[in-house]
Amino acid sequence: MFLETICILHGEIQNRQAHKERMQRTATHFGFNAPPLPDLLQLLPDRLRDTKVKCRIVYHKSIQETSFEPYFPKKITSLKLVEASIDYSFKLADRKSLNILLSQKGDCDEILITRNGLITDTSYSNVVFSKGERYFTPESPLLNGTKRQKLLREGVITEKRIVRDSLSEYDRIYLINALLDIEDEISLSVNRIVQ
């Protein structure tokens, strides 16, 4: 089973085309036809029309489950570096491998995964590093997220090879995903990344 997480903000679906394209790429890779997205706004409960909503779609050859919940970002004040040889090129509904890594966070709030010493992602987001007024994202993410793609297209962020030992060159790390943008300020100083 595969997963698509879509942001619905005040009754408007965000970045819809990118989600449809990712579903199609996933389906093509695994040899099936992507199911069409349901009419999410028709399914959206009235009580959630004036807020930020996390819409979760589980699918394979057909849509298996669609759910909606108000979105409240996690408070992240520390990240633990965790080395792993994980492959998460496609957004799977089964997050077992990520949860095993997350169990290594110790006293930190979240993990920052490295692969062969290269910075990738957290367990639930892509990352962006600031250096002065410039923003960089690792060129080797675990998952090329829809928000990451959008910010790259718009020229807001630039891909860069970021290694574990170069983190001190940056000021802050921002967590981004379909529901989080740079301006949402889910960020912390790089000195809050624990080796």
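Q: Is R22 buried or exposed?
A: R22 counts as buried in this predicted model, because its relative accessibility is 7% and the cut-off for buried is under 20%.

Q: What does R22 form a salt bridge with?
A: With E4; the closest N and O atoms of the pair are 2.7 Å apart.

Q: Where do E4 and R22 sit in the chain?
A: E4 is in strand β1 (residues 2–9) and R22 is in helix α1 (residues 16–30). The two are 18 residues apart, and the pair links distant parts of the chain.

Q: And E4, buried or exposed?
A: Buried, because E4 has 0% relative accessibility.

Q: What about H19, where is that?
A: H19 is found in helix α1. With a relative accessible area of 1%, H19 is buried.

Q: What is H19 in contact with, leaving aside neighbours within four places in sequence?
A: E4, T5, I6, Q14, T146 and A178. E4 is also the salt-bridge partner of R22.

Q: How many salt bridges does the structure hold?
A: Eight. One of them joins K147 and D181, with the closest N and O atoms 3.5 Å apart.

Q: Which parts does that pair tie together?
A: K147 lies in helix α4 (residues 146–153), while D181 lies in the loop between β11 (172–176) and β12, so the pair ties together parts that are 34 residues apart in sequence. Both K147 and D181 are buried.

Q: Which side chain meets R148 in a salt bridge?
A: That of E159, at 2.7 Å from N to O. R148 is in helix α4 and E159 in strand β10, 11 residues apart, so this pair too links distant parts of the chain.

Q: Is E159 buried, exposed or partly exposed?
A: E159 counts as partly exposed, at 41% relative accessibility. R148, in contrast, is buried, with a relative accessible area of 2%.

Q: Switching to the sheet: what is the strand order?
A: The order is β10-β9-β8-β11-β12, five strands in an open sheet with mixed pairing.

Q: Which strands stand at the edges?
A: β10 (158–160) and β12 (187–189). Each has a single partner strand, so one side of each is left without a neighbour in the sheet.

Q: How many degrees are neighbouring strands turned against each other on average?
A: By 35 degrees, direction ignored.

Q: In what sense do β8 and β9 pair?
A: Antiparallel, over three bridges. β8 covers residues 126–131 and β9 covers residues 134–138.

Q: Which residue in β9 is the bridge partner of F129?
A: F136. F129 also belongs to the largest nonpolar core.

Q: How many residues are in that core, and which touch the most other members?
A: The core has 22 residues, and those touching the most other members are L112, I119, F129, I173, L175 and I193.

Q: Which strands each supply at least two residues of this core?
A: β5 (79–83), β8 and β11.

Q: What is L175 in contact with, leaving aside neighbours within four places in sequence?
A: I76, T122, Y124, S125, N126, L180, I186 and L188.

Q: What does the second core include?
A: That core is separate and has 17 residues, among them I8, A34, L40 and L44.

Notes
Residues numbered from 1 in each chain as written. Predicted model: local features only at pLDDT ≥ 70, side-chain atom pairs only at ≥ 80, totals over all residues. Heavy atoms only, no water. Pairing = 2+ DSSP bridges. Helix = DSSP H or I, 4+ residues; strand = E, 2+ residues; numbered from the N terminus. Axes fitted to C-alpha atoms, helices over the stretch in contact; angles between N-to-C directions. Salt bridge = Lys/Arg side-chain N within 4 Å of Asp/Glu carboxyl O. Buried < 20%, exposed > 50% of the residue type's maximum accessible area, 1.4 Å probe, protein only. Core = buried A, V, L, I, M, F, W, Y, C linked by side-chain atoms within 4.5 Å. Contact = heavy atoms within 4.5 Å.
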